[in-house]
Amino acid sequence: MPNMLTVTPVPILTDNYTWLISTPQGSNAVVLDPGDAAPVARALESLDLKPAAVLATHHHDDHVAGIPELASTGIPVYGPRDSRIPHLTNPVSAGDVITPAGLETEFEAIAVPGHTLDHLAYYGGGALFSGDALFAGGCGRLFEGTPDQMQAYLAVLRELPAGTRLYCGHEYTLANLEFAATVEPDNETLLQRLETVRQQRAKGGITLPSTLGDECATNPFLRWDNENVKEQAEAYAGQKLDTPAGVIAALRQWKDRF
Ligand SMILES: [Zn+2]
């Protein structure tokens, strides 16, 4: 099964994750979003993994600051065709299918503009690496793109298989689900998930990966067409919201002030 992936989190900085992508018997790792070199080097050493490639989702420092040190060993750096990613050797465009050095798994690059315009998500081996475009229970802030762009990519991600494992860039799940429960106080699945995540976080545990099925059932940013979510967004905005992007815009503003 060339698609079997072992994905190991490396907690870095305040609440970021770098993901080490390898195979069960393999000795190579693809390093996704190394925002800090030292903890990644320690994790690779303790797991006896050799870095074979770097994969970057977007240019923010907390995702790329560790690249120069990793790239100094000569390994390829894959990332969006954006000059702000250091040491980029293998520029990737939306729709490209790449097989990063060291892995046999193919990943499709999906355009997810919004948080940044260069942002890509990588989908392969039954996993989605979403960076800061989609979080467990939420989504990234809109720094560069528009609600229309965000809703368009969320609609694409929502169509991926429900069993797809979601690996995102930050441990924001608890705060995201607390907001989600404010939007949908009667969503039983969401309240159960919130309780599970509370317990995980109380023990200092990691709440990832989730699945896209979990997200579609509980993440308000994937639920713009749910009647309750739409009504609540309209109540917050103080007006009728006639488009999915309008609902997303209201939810995003609400979350920014939450
Ligand atoms: Zn970011």
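What covers the buried residues of helix H8? The cover includes helix H5 (173–183) and helix H9 (244–256). The model is predicted, so local features need pLDDT of at least 70 and side-chain atom pairs count only at pLDDT 80 or more, while totals for chains, interfaces and linings use all residues. Residues are numbered from 1 along each chain as its sequence is written, and side-chain values use heavy atoms, with hydrogens and water left out.

Helix H8 spans residues 227–237, and Val229, Ala233 and Glu234 are buried in it. These residues cover an arc of only 135° around the axis, which puts them on the same side of H8. The arc is that of the directions from the helix axis to the C-beta atoms. An α-helix has 3.6 residues a turn, so residues three or four places apart point the same way. Helices (H or I, at least four residues) and strands (E, at least two) are DSSP runs, numbered from the N terminus. Buried means under 20% relative accessible area, exposed over 50%, and partly exposed in between (1.4 Å probe, protein chains only).

Asparagine 187 sits in the loop between H5 and helix H6 (188–202). Asparagine 187 is buried, with a relative accessible area of 10%. Contact means heavy atoms within 4.5 Å. Leaving aside neighbours within four places in sequence, asparagine 187 is in contact with Ala217, Thr218 and Arg223. Asparagine 187 and asparagine 228 are 41 residues apart in sequence, but their C-alpha atoms are 9.4 Å apart in space.

The zinc ion has protein donors in His58 (NE2), His60 (ND1), His115 (NE2) and Asp132 (OD). They lie 2.2 to 2.3 Å from the ion. Donors are N, O and S atoms within 2.8 Å of the metal (3.2 Å for Na, K and Ca); water is not among the atoms, so sites may look incomplete. The four donor atoms subtend angles of 88 to 170°, which makes the arrangement irregular. Four donors count as tetrahedral if all angles lie between 85 and 135 degrees; four count as square planar and six as octahedral if opposite donors are over 155 degrees apart and all others between 65 and 115; anything else is irregular. In sequence, the donor residues follow the spacing H-x1-H-x54-H-x16-D. Histidine 58 and aspartate 132 link distant parts of the chain, 74 residues apart. Histidine 58 is in the loop between strand S4 (50–55) and helix H2 (61–64). Aspartate 132 is in the loop between strand S10 (127–131) and strand S11 (134–135). Histidine 58 counts as buried at 0% relative accessibility, and aspartate 132 counts as buried at 3%.

Strand S2 (residues 16–22) is mostly covered, with seven of its seven residues buried. On one side are Asn16, Thr18, Leu20 and Ser22; on the other are Tyr17, Trp19 and Ile21. Two strands pair if DSSP finds at least two bridges between them. Strand S1 (residues 6–12) runs antiparallel to S2 and is joined to it by seven bridges. Valine 7 stands opposite isoleucine 21 in S2. S2 also pairs with strand S3 (residues 28–32), in the antiparallel sense, over three bridges. Tryptophan 19 has leucine 32 in S3 as its bridge partner.

A search of the whole structure finds zero disulfides. A disulfide is a pair of cysteine sulfur atoms within 2.5 Å. Cysteine 139 is in no disulfide, and the nearest cysteine sulfur, that of cysteine 168, is 11 Å away.
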